[in-house]
Amino acid sequence: MRGRGPRSRRHHHGRWRVLARVERFAEPALLLLLRERPAHGYDLLERLPELTGEARIEMGNLYRLLRALEEEGLVSSEWDASSAGPAKRRYAITADGEKLLGHWVEALRRSQERTARFLERYEERR
């Protein structure tokens, strides 16, 4: 009997499907978007896919992540009643969030370097 492989790869109908993705990438993506400008949840929901490559982030997951980041002091929020309709929460990155974003950038650069070395080695033997 064939075992079930990691979630990053699947063998289905005679073909491999491999998902080379960075886990928890929504966190640094959100921090980067908030560094660019404070935003409401719906704005973040629309802008996140350009960074994550995912078709769409679930709204509930986005708000859970924002709430967790706020509890850790990485993001702040305030009610914004300046536009028509009901008041909305506007999120902003904090100084600690900026520091964490810097650490994410360092880790992603290291990951990018490892990936480049892997690809170069693969191409040498092709």
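Leu33 sits in helix H1, which spans residues 26-36. This is a predicted model. The protein has 5 helices and 5 strands. Along the sequence they follow the pattern β-β-α-β-α-α-α-β-β-α.

- Is Leu33 buried or exposed? Leu33 counts as buried because its relative accessibility is 0%, and buried means under 20%.
- Beyond residues up to four places away in sequence, Leu33 touches Leu44, Arg47, Leu48 and Leu51.
- One of these contacts, Leu48, is 15 residues from Leu33 in sequence. The C-alpha atoms of Leu33 and Leu48 are 7.8 Å apart.

**The sheet**
- Three strands make up an open sheet, in the order S3-S5-S4, with antiparallel pairing.
- S3 and S4 stand at the edges, and each has a single partner strand, so one side of each lacks a neighbour in the sheet.
- Strands of a sheet pair through backbone hydrogen bonds, and the pairing can be parallel or antiparallel.
- Strand S3 covers residues 39-40 and pairs with S5 over 2 bridges, in the antiparallel sense.
- Within this pairing, His40 stands opposite Arg90 of S5.
- Strand S4 covers residues 75-80 and is joined to S5 by 6 bridges. S4 and S5 run antiparallel.
- Ser76 has Ala92 as its bridge partner in S5.

**Thr94, between S5 and H5**
- Where is Thr94 placed? Thr94 lies in the loop between strand S5 (88-93) and helix H5.
- Thr94 has a relative accessible area of 19%. Thr94 is therefore buried, as the cut-off is under 20%.
- Which backbone oxygen does the side chain of Thr94 reach? The side chain reaches the backbone oxygen of Leu74, at 3.0 Å.
- Neighbours within four places in sequence aside, Thr94 is in contact with Gly73, Leu74, Val75 and Ser76.

**A nonpolar patch on the surface**
- Which residues form the nonpolar patch on the surface? Phe118, Leu119 and Tyr122 form the patch.
- Together, Phe118, Leu119 and Tyr122 have about 350 Å² of accessible area.
- Phe118 lies in helix H5, which runs over residues 95-124.
- Why does Phe118 count as exposed? The relative accessible area of Phe118 is 58%, and exposed means over 50%.

**The protein overall**
- The protein has 126 residues, and buried residues make up 25% of them. Leu33 and Thr94 are among the buried residues.
- The accessible surface comes to about 9800 Å². Carbon and sulfur atoms account for 50% of that surface.
- Take the contacts between residues at least 6 apart in sequence: 40% of them join residues at least 24 apart.

Methods
Residues numbered from 1 in each chain as written. Predicted model: local features only at pLDDT ≥ 70, side-chain atom pairs only at ≥ 80, totals over all residues. Heavy atoms only, no water. Patch = residues over 30% accessible without salt bridge, like charges linked within 9 Å, V, L, I, M, F, W, Y side chains within 5 Å. Areas by Shrake-Rupley, 256 points an atom, 1.4 Å probe, with all protein chains shown as cover. Salt bridge = Lys/Arg side-chain N within 4 Å of Asp/Glu carboxyl O. Helix = DSSP H or I, 4+ residues; strand = E, 2+ residues; numbered from the N terminus. Buried < 20%, exposed > 50% of the residue type's maximum accessible area, 1.4 Å probe, protein only. Polar contact = N/O pair within 3.5 Å; in protein donor to acceptor, adjacent residues only side chain to side chain. Contact = heavy atoms within 4.5 Å. Pairing = 2+ DSSP bridges.
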